[in-house]
Amino acid sequence: MRREVPLHRSLLLRLLTLAVLIAVGSIAATAWLAVRTTTGAIRQEQGQALADDARIYDTLIAYAATHPTWDGVDTTVRPLAEQVGRRITLTTESGTPVADSAPEAGPLPAKPSATVDALSVDTALTPGIDALASGDTGSARIDPRTTGPYLLPPDERRALRDRATQAVTCLQGRAKIEAAVVDGPTGRPRIDTPGTDLSDTIACLQDRSDLADPTATERKALAQLNALVNTCLARRQLPPVRVELDWTWTRQRAAATETSRAGTTIDQEHSRAVNSCVGTSRREQLLPYVAPAATLFVADPGGRPTSTFDLSRTNQARIAAVAGLVLLVTVGVTVLAGIRLTRPLHALTGAAQRMRDGDGSARVQVSGRDEIARLAEAFNDMSERRERLEHLRRAMVSDIAHEMRTPVTNIRGWLEAAEDGVAALDRRLVSSLLEEATLLQHVIADLQDLAQADAGALRLHPEQVYLADLLAQVAEAHRVQADSAAVDLSVRVDADPQVYADPVRLRQAVGNLVTNAVRHTPAGGSVTISARTANGGVTIAVADTGSGISAEDLPRVFDRFWRAEKSRSRQTGGSGLGLAIVRKLAEAHNGTVTATSTPPQGTTFTLHLPTDPPSSPAGPPSSPTGPW
């Protein structure tokens with residue numbers, strides 16, 4: 001006999017099934033609406049933030065391009081900060097404040113927003129810069145508003161504008177073409193005829209044919225630029241070229257003329273070398289006319305988060321209507337989900353409170369792969385980094401106290417002696433105190449570089465570097481030091497190896513090695529800087545004929561604050577930070593640095609760098625430190 005299911009049970013089962021389906025559908029609809037609305041709000045806010053950042057950056061780049069210093073930038077920064085509702089702060093690369101729209105708002109963010117350098121523009125913040133640069137001359141990142149010696153005086157502007165106005169009058173009257181005179185950054189006018197080809201208007205073109213001829217001011221500036229470019233090419237044993245006003249170049253031969261435009265017959269290797277020299281020479285020529293590179297910080301004036309997202313009233317009503325239809329059905333699911341969610345959140349809250357109270361080892365147990373699990377993993381990672389940074393901070397404070405105790409004690413002792421009348425505050429004493437203060441400044445600059453490297457904030461600005469030029473510049477910079485120490489300083493390069501690296505940071509690393517080698521080489525000795533290609537990369541070696549380093553001391557030469565001279569005398573050593581900085585810079589370029597020594601014949605430090613680009617985040621480099 002078949003057993004029948006009671007009607008109320010069948011109906012209840014159907015209602016429960018329908019309720020579950022409705023609950024699932026409503027939850028999916030609610031989630032979809034929330035995601036769509038929130039995504040739109042986020043994109044809108046991000047778009048506004050990017051537009052504001054680009055506006056701030058472009059305004060400051062324009063100021064840097066048209067002023068030799070940052071004096072008076074406050075009158076630009078403060079109104080701009082009020083318009084965008086952000087705190088705008090400019091500092092030097094060493095951290096000295098230049099301008100701050102809200103100095104009372106507290107400390108600056110740990111990470112800067114950008115580096116403002118008119119000669120090295122961030123194309124991500126100013127995408128139109130590439131369109132404004134002419135040709136592939138290696139100088140596309142120079143802001144076109146940087147005029148320098150190419151800025152035309154009023155009389156030349158008037159003469160060019162008169163000729164341009166005549167040509168426009170001809171185009172409008174004779175050729176019936178809409179045209180207008182547009183002044184460029186240097187004051188040179190050009191004729192703008194949007195959407196019109198002027199190739200058929202021969203007569204009017206003749207009227208404006210001399211507009212492209214350089215003026216006396218431009219010829220003088222071009223002569224200076226050509227001298228710099230050809231000096232650079234001579235160092236690479238390349239024939240001279242002639243750079244034109246639009247930064248293209250030509251090289252004259254007996255049978256043909258080769259140009260940097262389309263259809264060139266010059267090989268790519270030579271073309272890149274010339275373009276590199278043009279870009280480097282332009283920056284060198286324009287450097288006195290622009291403000292020095294500065295670090296930009298953009299933050300909320302009150303220290304609050306800069307992005308908030310609000311749902312519109314329509315979306316709120318739609319979500320409330322959908323959620324209200326299934327509220328009773330989803331209560332149970334919500335309670336269960338709430339219990340599952342709040343349990344790990346309680347654990348996170350407790351761990352965060354322990355971290356707030358000073359427990360650096362606070363961690364939470366991670367289970368599952370949902371958002372809460374990822375949040376717990378992020379919290380544990382943050383806690384580990386915080387604990388690691390705390391250890392680094394304590395070690396750094398101890399090292400700083402140890403390193404600075406002697407010069408500070410000397411300064412205080414002599415000042416107290418002068419105050420008590422025991423010592424006369426003469427020129428010799430002032431010079432001694434100044435030497436101690438300079439030492440403290442060098443130590444602080446070195447510590448700043450090491451702190452950036454330890455925190456992973458050491459910024460690189462990689463580009464293709466010709467080592468023959470770079471090593472020649474380093475040797476020339478240290479020539480006076482070597483001559484005063486009666487040490488022969490020479491450079492030896494096999495061929496012309498190239499490496500993709502930050503030229504400023506690479507010069508800093510090699511300069512530290514050269515300074516160290518010259519300091520520890522007796523009079524009559526020699527220091528040799530060499531470079532060659534080896535094992536898929538390049539090696540840069542600095543060898544000296546000094547006293548050498550003992551085998552037991554050699555493994556410690558790259559430790560910070562360590563010196564072979566146990567007395568830590570300033571006559572035979574620096575702060576003990578130079579080689580530590582070299583190791584950090586080598587690691588930032590995905591390379592290594594090693595040391596070999598044969599007492600008493602001398603020591604060789606070798607930098608091994610890959611030819612591939614470094615993986616560190618790009619950006620303007622910090623100012624290099626001096627010798628240690």
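Me: How far apart are Asp 381 and Arg 385 along helix H10?
Reply: Asp 381 and Arg 385 are four residues apart in helix H10 (residues 371-419), a separation of about one helical turn. Helices are DSSP runs of H or I with at least four residues, strands are runs of E with at least two, and both are numbered from the N terminus.

Me: What do the two side chains form?
Reply: A salt bridge, with 3.3 Å from N to O. The term covers a side-chain nitrogen of Lys or Arg within 4 Å of a carboxyl oxygen of Asp or Glu.

Me: What kind of model is this, and what cut-offs apply?
Reply: This is a predicted model, where local features need pLDDT of at least 70 and side-chain atom pairs count only at pLDDT 80 or more, while totals for chains, interfaces and linings use all residues. Residues are numbered from 1 along each chain as its sequence is written, and side-chain values use heavy atoms, leaving out hydrogens and water.

Me: Which residue does Asp 53 pair with?
Reply: Asp 53 meets Arg 86 in a salt bridge, at 3.6 Å from N to O. Asp 53 is in helix H1 (residues 7-66) and Arg 86 is in the loop between helix H2 (74-84) and strand S1 (87-92), so the bridge ties together parts 33 residues apart in sequence. Arg 86 counts as buried at 13% relative accessibility, whereas Asp 53 is partly exposed at 24%.

Me: And what about Arg 145 and Asp 58?
Reply: Their side chains also meet in a salt bridge, 2.9 Å from N to O. Arg 145 is in the loop between helix H3 (129-132) and helix H4 (154-173) and Asp 58 is in helix H1, so parts 87 residues apart in sequence are tied together. Arg 145 is partly exposed at 26%, and Asp 58 is partly exposed at 31%.

Me: Changing topic. Where do H14 and H15 cross, in terms of distance and angle?
Reply: The axes of H14 (residues 503-519) and H15 (residues 578-588) come within 9 Å and cross at roughly 145°. Axes are lines fitted to C-alpha atoms, for helices over the stretch in contact, with angles from 0 to 180 degrees between N-to-C directions.

Me: Which residues make the contact?
Reply: From H14 they include Arg 505, Gln 508 and Asn 512, and from H15 they include Leu 579, Ile 581 and Leu 585. Contact means heavy atoms within 4.5 Å.

Me: What about the backbone? Where is Pro 600, and is its bond from Pro 599 cis or trans?
Reply: The peptide bond from Pro 599 to Pro 600 is cis, with omega near -5°. Pro 600 lies in the loop between strand S15 (592-598) and strand S16 (602-610).

Me: What is phi for Trp 247 and Asn 590?
Reply: Trp 247 has a phi near 70°, and Asn 590 has one of about 60°. Both are positive, and neither residue is glycine. Most residues other than glycine have a negative phi, and most peptide bonds are trans.

Me: Where do those two sit?
Reply: Trp 247 is in the loop between strand S6 (242-243) and strand S7 (249-252), and is buried at 14%. Asn 590 is in the loop between H15 and S15, and is partly exposed at 41%.

Me: Last one, how many helices and strands does the protein chain have?
Reply: The protein chain has 15 helices and 16 strands. Of its 628 residues, 38% count as buried.

Key: Buried < 20%, exposed > 50% of the residue type's maximum accessible area, 1.4 Å probe, protein only.
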